[in-house]
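Q: I am new to this structure. Please show me how to read its features, one at a time.

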Amino acid sequence: MRLARLSAIGIAVSGLAASLWPRSGEEPVTVFVSGNLAGTLTPCGCTKPMAGGLLRRATAIRAYRTARTVVLDTGGFVVGHLRQDELKAETIAEGLAAMGINAIHLTSQEIALGEGNVLTLNRLAGDAFLGEAPSELSIPRHRVCGPFLVGGAHETDALPAAQALVDAAREQGLWPALLLHAPLGVAENLARELPALRLVVYRSSGEPPLRAHSVGRTWLTTPGDQGRSLVLLRYRGDAPPEYRVLPLGPEYAADPTLTAIYGVYQERVREERLLEAVPRTASEAFSGNERCGSCHQQAMDVWKKSPHARALATLEKDTHDWDPDCVGCHVVGLDKRGGFRSRAETPHLTDVGCESCHGAGERHSLRPYQVKMPKVGQTPCLTCHTTQTSPHFDFHKMWPTLEHK
């Protein structure tokens, strides 16, 4: 009985919304799906070719925008709640507004930043947030976006939230689209339970699938993570939508407006001296590269010829040398009390040095025969050369170019 009732709702919604959808020969409805940035404003400069970033996303949206366009974001701006996370979230919200965002799912990641920050983010984003929120925030549950009524849901409230969206969409003669903070399996179950849903955007890691996926007439998609791709759906009437994944590679130039917004973020990071506020833990004292080289000359010669010896300079060239997200992988011991502070204060700890891999070596330098340094393998490399920053990194191929004794 329940499924029969839901199928009837689907037919009613389809009929009511038909006049809102483009007929043959009319301008299609273009839907962009993005989100789940997790604090990645721009791709790491170590990644070749670099992929993703707000600056490129804006260029791609502008290139494919049509007269009838809907821009949706799944939220998940940041993963932490430190001061830099707040600045990132504000930059993302302002950037999305500049892209013409229509709806953003308010997730627990934004709520964790606090009520005041959520209100600020919503204002910067043009009041585009939607979804379940503390009552004092006055965030709407649904938002009309072209022919869609868009709502948000988390895994814990997925079915009732989706049902409420379907009911509201039927009353307004719109097609329900759900931004779901949950994996594909939950999205598929919802599509089977509520066949009136027309679009469900779910959460996933990695890249979006290259082929569209549907359950009945419900289309399921995901933007992936880290903002590396943008998903485009183009609807023409009641036919299955055109589906494209747009990897945001170097072919998309940085958008000037977003570049300016990102520049303000960089300046705020610098002005607030966030590099000095990096949490630090206790450690043994560091000696610096030159002292290591006084005994290990062959290793020092290899190091001086490697990109590691110029690691900090690459950040200075791109004005990222004040960004805690970047600096830690370009110097020695940023997260240690005796580690890098600045080029002026701790010049001996600039760049990726011996102690970046082998650990603090002051005691070894004073008593080399009594205090031995540990032998290390690929583990220290993988702390910085991750799948996001160095997707093609292969330790066994790289090690012969850096091997030393």
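Q: How do the axes of helix H2 and helix H8 cross?
A: Two packed helices are described by the angle and the distance between their axes. In this predicted model, the axes of H2 (residues 54-64) and H8 (residues 256-271) come within 8 Å and cross at roughly 160°. That makes H2 roughly antiparallel to H8. Angles under 35 degrees count as roughly parallel, over 145 as roughly antiparallel, 65 to 115 as roughly perpendicular and the rest as oblique. Axes are lines fitted to C-alpha atoms, for helices over the stretch in contact, with angles from 0 to 180 degrees between N-to-C directions. Helices (H or I, at least four residues) and strands (E, at least two) are DSSP runs, numbered from the N terminus.

Q: Which residues make the contact between H2 and H8?
A: Contact means heavy atoms within 4.5 Å. On H2, Leu54, Leu55 and Ala58 take part; on H8, Leu258, Thr259 and Tyr262 do. By class, this contact has five nonpolar residues, one polar and no charged ones. Ala, Val, Leu, Ile, Met, Phe, Trp, Tyr, Cys and Pro count as nonpolar, Asp, Glu, Lys and Arg as charged, and the others, Gly among them, as polar.

Q: What should I know about the numbering and the cut-offs of the model?
A: Residues are numbered from 1 along each chain as its sequence is written. Local features need pLDDT of at least 70, side-chain atom pairs count only at pLDDT 80 or more, totals for chains, interfaces and linings use all residues, and side-chain values use heavy atoms, leaving out hydrogens and water.

Q: How many disulfides does the rule count?
A: A disulfide is a covalent bond between the sulfur atoms of two cysteines. The rule asks for a pair of cysteine sulfur atoms within 2.5 Å. The count here is one disulfide. Cys329 and Cys384 form a disulfide, with sulfur atoms 2.1 Å apart. The torsion about their S-S bond is about -95°, so the disulfide is left-handed.

Q: Where do Cys329 and Cys384 lie?
A: Cys329 lies in the loop between helix H12 (324-327) and helix H13 (354-358), and Cys384 in the loop between helix H15 (379-382) and helix H16 (395-402), so the pair ties together parts 55 residues apart in sequence.

Q: Is Cys329 buried, partly exposed or exposed, and what is its relative accessible area?
A: Buried means under 20% relative accessible area, exposed over 50%, partly exposed in between (1.4 Å probe, protein chains only). Cys329 is partly exposed at 31%. Cys384 is partly exposed too, at 24%.

Q: How many helices and strands does the chain have?
A: The chain has 16 helices and 12 strands. Of its 405 residues, 50% count as buried.
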